[in-house]
Amino acid sequence: MNMLETVKTRRSVRTFDGNLLTQADQEKLAEYVRTIQNPYEIPVEFVFLDAKANGLSSPVLAGDTMYVAAKVGVQAHAEEAFGYSFEKLVLYAWSLGIGTTWIGGTMKRELFEKAASLKDHEIMPCMSPLGYPAKKMSVRELMMRRGVKADERKPASELFFDRAFSAPLNEEDSTVEQALEMVRYAPSAVNRQPWRVVREGKNYHFYLKHDKGYVSNSTGDLQKVDMGIAICHFMGGVKGVLSISDPGIPAEAGVEYIASVAV
Ligand SMILES: Cc1cc2nc3c(=O)[nH]c(=O)nc-3n(C[C@H](O)[C@H](O)[C@H](O)COP(=O)(O)O)c2cc1C
């Protein structure tokens, strides 16, 4: 599976078949996480957790047997780096037929933080179950998907712009167009898709359109995690260099500059 196929076919999996991952798959994941890097160069440490041994569960899941969590030191851009690195694992897992769901809210956070030995100077914004998808989704999973319109994404015209937020982008470069399509398909908390991108020459500036009701707290801003995921999808599609230098493009209130990728 190439990255576009992986991105387009991936979905959150909340109903598992109840089996542990095979030893071979566990080893592949453990090996893969050691290679994951992010353009922020902020280390993200992955921890694999057995559900039963640690008493871990989530009310939205069924048949879950294992989890992966990740920890990052508190610092500027920690959430974006976390989102970028964790999404690499999510996509790799899917390419092996392993289901995941980003979980940032629907779990007993203290239990996961204790099981992962989280330190005071670290945050663990999200974790995910790891397992093989069941043949049928549970009724609860189907209802959740309907509730957040999980199968839908905003059209490109609402997300990608040319030099100013008033001008929708008509991308001529097919590689970049594909990378933007992968951004569009990215998963996000409550499927809010808060990313906006403005092209200026070879630079693609990423912005976060904050949703009311989302506040940054001690566990990290989940919408900044979403931004890391979007940047991961984009940089998976184009060779680019990330920098953080606000170009000063006028943006409405609540729209925050995050980073730029030069392609
Ligand atoms: C940062 C983040 C946090 C999330 N938190 C939760 C969560 O707590 N519980 C849950 O059931 N889904 C959670 N999700 C999954 C989203 O609801 C899901 O990705 C979105 O609805 C799109 O559906 P899809 O992943 O099937 O494409 C989260 C996703 C992200 C990116």
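Biologist: Hi! How far apart do the C-alpha centres of domain 1 and domain 2 lie?

Modeller: In this predicted model, the C-alpha centres of domain 1 (3-140) and domain 2 (156-262) lie 23 Å apart.

Biologist: And how many residues does the contact take from each of the two domains?

Modeller: Domain 1 puts in 21 residues, and domain 2 puts in 24 residues.

Biologist: Which elements give two or more residues to the side of domain 1 that touches domain 2?

Modeller: Those are H1 and helix H4 (78-95). The largest share comes from H4, with nine residues.

Biologist: What's that side like by class?

Modeller: On the side of domain 1 that touches domain 2, there are twelve nonpolar, three polar and six charged residues.

Biologist: Let's switch to the ligand. How many residues surround it, and which are the closest?

Modeller: The ligand has 22 residues around it, and the closest are Trp102, Gly104, Ala150, Pro187 and Asn191. At least three residues of that shell come from each of domain 1 and domain 2.

Biologist: Which element gives the most to the shell?

Modeller: That's H8, with four residues.

Biologist: Tell me about E7, then. How many of its residues are buried?

Modeller: Five of the six residues in E7 are buried, and the strand is mostly covered.

Biologist: In which sense does E7 pair with E5, parallel or antiparallel?

Modeller: E5 and E7 run parallel, with three bridges. In that pairing, Phe160 has Val197 in E7 as its bridge partner.

Biologist: What about E7 and E8?

Modeller: E7 and E8 pair in the antiparallel sense over six bridges, and Glu200 has Asn203 of E8 as its bridge partner. Their hairpin has two residues between the strands, and there Gly201 takes a positive phi near 60°.

Biologist: Where does E8 lie, and how does it pair with E10?

Modeller: Strand E8 covers residues 203-209, and strand E10 covers residues 255-262. They pair in the antiparallel sense over seven bridges.

Biologist: How many bridges link E9 and E10?

Modeller: Strand E9 (residues 241-243) pairs with E10 over three bridges, in the antiparallel sense. Ser243 has Ser260 in E10 as its bridge partner.

Biologist: Nice. Zooming out, how many helices and strands does the protein have?

Modeller: It has eight helices and ten strands.

Biologist: How does the radius of gyration of the protein stand against a compact globule?

Modeller: The two agree, because a compact globule of 263 residues would come near 18 Å and the protein has 18 Å. Along the principal axes, its C-alpha atoms fill a box of roughly 50 × 40 × 35 Å.

Biologist: Last one: what percentage of the residues is buried?

Modeller: Buried residues make up 40% of the 263. And among contacts between residues at least 6 apart in sequence, 76% join residues at least 24 apart.

Note on methods: Residues numbered from 1 in each chain as written. Predicted model: local features only at pLDDT ≥ 70, side-chain atom pairs only at ≥ 80, totals over all residues. Near = placed C-beta within 6 Å. Domains from an automatic or database assignment. Contact = placed C-beta atoms within 7 Å. Nonpolar A, V, L, I, M, F, W, Y, C, P; charged D, E, K, R; others polar. Rg over C-alpha atoms; globule rule 2.2 N^0.38 Å. Buried ≥ 20, exposed ≤ 12 C-beta atoms within 10 Å, placed from the backbone. Pairing = 2+ DSSP bridges.
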